[in-house]
Amino acid sequence: MGGSIGIPLRGGGGEGGLFLGGGGGGRSSGWQKEGGRQRKSGTNGRVIPQNLQALAPMDSMEKKKKNYNRALSIECEFWRQKAGIRWIKEGDANTAFFHALVRQRRNSNFISPIKRDDGGWFETEHEIKASAVKFYSDLFSSNRQRVPVPDLPFEVPKIARSENEMMKGIPSEEEVWTVVFGLDIDSAPGPDGFGAGFYQSCWGIIKDDLVLAVQDFFKGMQQPRGWTRSLLILVPKTEGASHWREFRPISLCNVSSKIISKILTNRINRLLPNLISPWQAGFVPGRGIVDNILLAQEMMGELDRRLADPNVILKLDMEKAYDRVDWSFLLFMLRQFGFEEGVVDLLFRTFSNSWFSVLVNGERSGLFKSSQGVRQGDPLSPAFFLFVAEFLGRGIQQLFEAKKSRYFATAGPNVPYLAFADDTIIFTRCSHDALTAVQDLLRLYQAYSGQVVNISKSSFASSSRLLESRRGIVRAILGFKEQQPPLIYLGIPLGRGRVTSAIFDGLLSRMWQRLFHWSSKMLSMGGKIILIHHVLGSIPLYWLQALQPPGAVLVVMGRLCNAFLWDNPDSRRIHWAAWEKVCYPVEEGGLGFCSFESLGQAFACKLWWKLRANESSWSNFMHCKYVKGVHPGLVSIQRPSPVWRRLLQVRKVAEENIRWCLGEGLVDFWQDRWCTDVSLAQLVSGHSHSHLLVGELFMDTGWDAQRLRQLLPGAMVEKVLALRVFPGMRDRMIWAASQSGEFSITSAWEQLRGKRNISMVDSLRGRPLASRCSCCGSTTETIDHLLVTGPVAATVWRCFADRFGIVTQGRGVQARLASWFFSRSYVSAFIQLLGRGGRLRRKDFQGDADCEWATFGRGNRWQDMPRTVTWAMPPRYSVKLNTDASVTEGLAAGGGLVRTSDGDLVFAFYKEFGECDVLMAEALALLEGLRLCHDRHIMNFVAEVDSSVLVSLVSSCGPARWPLVNTLRHIQWLSGQMGVSVALIYQEANTVADALACLRPQQDGVFIVRAELPRKARSALQLDRLSVPSIRLGRARH
């Protein structure tokens, strides 16, 4: 968008307003964070003239300011979207940096003269557009002779009938809503101009028509051309691209068409893990690109094996893989996987009516219909390509299984190939038989699918000892060129032996280009910090997941970031802190960066977590090659690979944070932490600690207590007896350092990084760190000092105390807040006056919605509205369980009761649990109630608790923190066995269980008759029988 943007601003009373615009490429230099503040916003001085304040009333002036700020925010948002920056945050926006990036993107995407096949050039704009339309219309047209596909020479899995029904089911409004609001609001719109933001903002208006249109498609209607039209955006693959083959055509699809594709994608993704080979990691849920890289690295280490037929790695390059997919072959493969004709027709209609226009230098050209290929940019296209590529993948497996000598020789299991979508490498042997078989399969695959192997870009890697005559065999049969290590696979260089610094030259070059790009010189200090966070979160992280850089590389990476942070664009300045000093959280005096060393170790912890989970092809390979049935924590390797050496560096820390929630009991009894925070091998000495599974000590009737007492002390036996094994359920790993129980890089980094003691006296060149008060610079910064006793806080309190008669007592925060509360009547009148005078505006309190000042200033639009709630009796001939818990001075107890449909007592209980938090106590109380019901053979009922978190955890069956997860699993198992559903009840309606939970001190026991209950519980029970309501306060608008 060249030139300027003119936005007329109209004031009240029909007056001519301001005009935002101007030539000369003027641009804003600041983003209006606070709506009413006047700030300079352009090099041409676009500010509200001061003399207008004398010509217009205050309210008219305020309206003009609001209109001005609104128009300016629209312009800022426009340039932010044009710049296409996803890492930017509030603070650096609509600056010269934005405008420079827009110009840079426009220049890099500008298509200059294109080279013709005969060596000439298309130079004029008309010739370039015409040649683009011709090239891509030919590319998307099927003009080759189709080869009929015979029956597959191998078997593929087939989907079930229920899965076919799921695929063609009519989507509900909720499913459409989930897809619409899952789209990126900043994604580019299609040819119709309506982006995802429009569909989300106007959902209440368009939802009925949109849902009906989507449902009509699933009922058999074709998508109209207006929906299926796409714009081909030509993205250059290399700098200075001069031929149409060097551009990647990305389809900008309409959001309306994307919604249908996304619904089908979400459904088909549930099937892919069971249909696609384990060696294909691209776009399959649960599989990652890093697994392929790690496994390829292990295979590279096996290249130099001494063999009669040496190992060889073939790297394939497919030319325009998505664009050459043959539709008939795709439909054939879908039918082979068991998709019914109705589902095949549904999927076919998503791409069979695709129309394209080519966007050349900002202008649309041509309109043509495709007859082959799938659109890059359509959410469903990756899944379609996976079904096509399965022919090649399973064909390779079938070739190698037919003759084992074709397999790549390795110390681990056989790995025939690895693929991430169309990026494929084949592991085989350098023999005439193996290479000829591979070549025949590639020819067959190309003839059937329409794919083309780019011989000039395909390559092979071989042993350093391979004779030149053997290399000649590969070139003669396949025509591939040889690539010397490192082999670049999925953007990561893979070498043999130790990881050297030279491998990371590409990473350092990319970081330097990104940080020291000319446009980055226009950033402020805040913008630099955000950009470093973005660079740390994107470029090196991908490498750190797969490779461990040497120490010298980590030092250079830190120096690059530190130089960018402190230096000027044209001169070197004082580095006020070394990179190691700023790599701390802000609370500890840092800038929130992560050091590369601790980040690499955190990713190594993630690899150890994946190794222990053993749910990927890489972890299975490592278990077969290194672990071999031994506990991973005890494995010792003489000559480990670089990946295994990296794992050994974090093995101790990772194992200390891994806990096990028992399922079927395939957990090491001595080495794994399944009962306590320390392994039993560390707690119990004098035993051989031979390999023993937990499930071996759990019989059909329960634990083998006699054998447990032979192995463990009495106190430990009691801990074990409190747990149980759940046959039919998988053991689950829990990450103890995470509150959710799931592994996260952040929690691992917190465990590995060196924490700074923020209370220690420390300064750097006379500048106070986070442990010092920034006001006085001489006292450790505490809450009391910051809010009460500090010089600034003391002055504020003294001023208010003298003016409004506040009696300040005590020195702590709580004492001062109490003083404020008891003097509130004086202060509230003053604040209300400020609010009426417009001195307390909402913009001043963004982020402080619960602040007293803000409440008085804008008026409280919410108030507590009372409502009645009652305990609902269960259906006739059924019962209901209610439980609750309480924690007093760290000691927890729980209680509950079971009642009939008439409200009569079946039994009640009270039990103390010792030291635990509230959520754990609630779970233990529910578990105790279920156990008592199970012992009394009470089945098929509803259990009610007043903890919404507990209900969510029980119903989701997901992970939770340890040891709460053990209790949750027991609850879920008992609920399944007994036919129990857990529901939420308001606390005010759960008064009987609450009274039972608060009996402390009381001996654990069960109450059978009503007369045994305490007086408070007995009274609440009678009120529930009479359906007497309780009062619950809920928030509602005035």
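Buried here means under 20% relative accessible area. I note at the start that this is a predicted model.

**Entry 1, the whole chain.** I looked up the overall counts. The protein chain has 39 helices and 29 strands. Of its 1038 residues, 47% count as buried. Among contacts with a separation of 6 or more, 69% link residues 24 or more positions apart.

I went through H8, residues 203-218, and found a kink of about 30° centred on Asp-209. I listed its buried residues: Trp-203, Ile-206, Leu-210, Val-211, Val-214, Gln-215, Phe-217 and Phe-218. An α-helix has 3.6 residues a turn, so residues three or four places apart point the same way. I then checked what the buried residues of H8 pack against, and the partners are helices H5 (161-167), H6 (173-180), H7 (196-201), H10 (255-269) and H14 (341-348). After H8 comes Gly-220, with a positive phi near 125°.

I took the pair H35 (residues 918-935) and H37 next; their axes come within 10 Å and cross at roughly 30°. Angles under 35 degrees count as roughly parallel, and H35 and H37 are therefore roughly parallel to each other. The crossing is left-handed. On the H35 side the contact includes Leu-919, Met-920, Leu-927 and Arg-931, and on the H37 side it includes Leu-964, His-970, Ile-971 and Met-978. I sorted the contact residues of this pair into 12 nonpolar, 4 polar and 1 charged.

I picked His-970 out of H37, residues 964-978. Is His-970 buried or exposed? Its relative accessible area is 9%, so His-970 is buried. Leaving out residues up to four places away in sequence, I find His-970 touching Arg-724, Phe-726, Leu-927 and Arg-931.

I noted a cis bond joining Pro-485 and Pro-486, with omega about 5°. Pro-486 sits in the loop between strands E13 (481-482) and E14 (487-489). Another cis bond joins Trp-962 and Pro-963, with omega about 10°. Pro-963 is in the loop between helix H36 (948-956) and H37.

Lys-320 lies in the loop between strand E7 (311-316) and helix H13 (327-336). With 10% relative accessibility, Lys-320 counts as buried. I also looked up His-937, where phi is positive and near 60°. His-937 is in the loop between H35 and strand E26 (942-945). Its relative accessible area is 66%, so His-937 is exposed.

Technical notes:
Residues numbered from 1 in each chain as written. Predicted model: local features only at pLDDT ≥ 70, side-chain atom pairs only at ≥ 80, totals over all residues. Heavy atoms only, no water. Bend = angle between axes of the 7 residues up to and from the residue. Helix = DSSP H or I, 4+ residues; strand = E, 2+ residues; numbered from the N terminus. Buried < 20%, exposed > 50% of the residue type's maximum accessible area, 1.4 Å probe, protein only. Contact = heavy atoms within 4.5 Å. Axes fitted to C-alpha atoms, helices over the stretch in contact; angles between N-to-C directions. Parallel < 35°, antiparallel > 145°, perpendicular 65-115°, else oblique. Left-handed = near helix turned anticlockwise from the far one by under 90°. Nonpolar A, V, L, I, M, F, W, Y, C, P; charged D, E, K, R; others polar.
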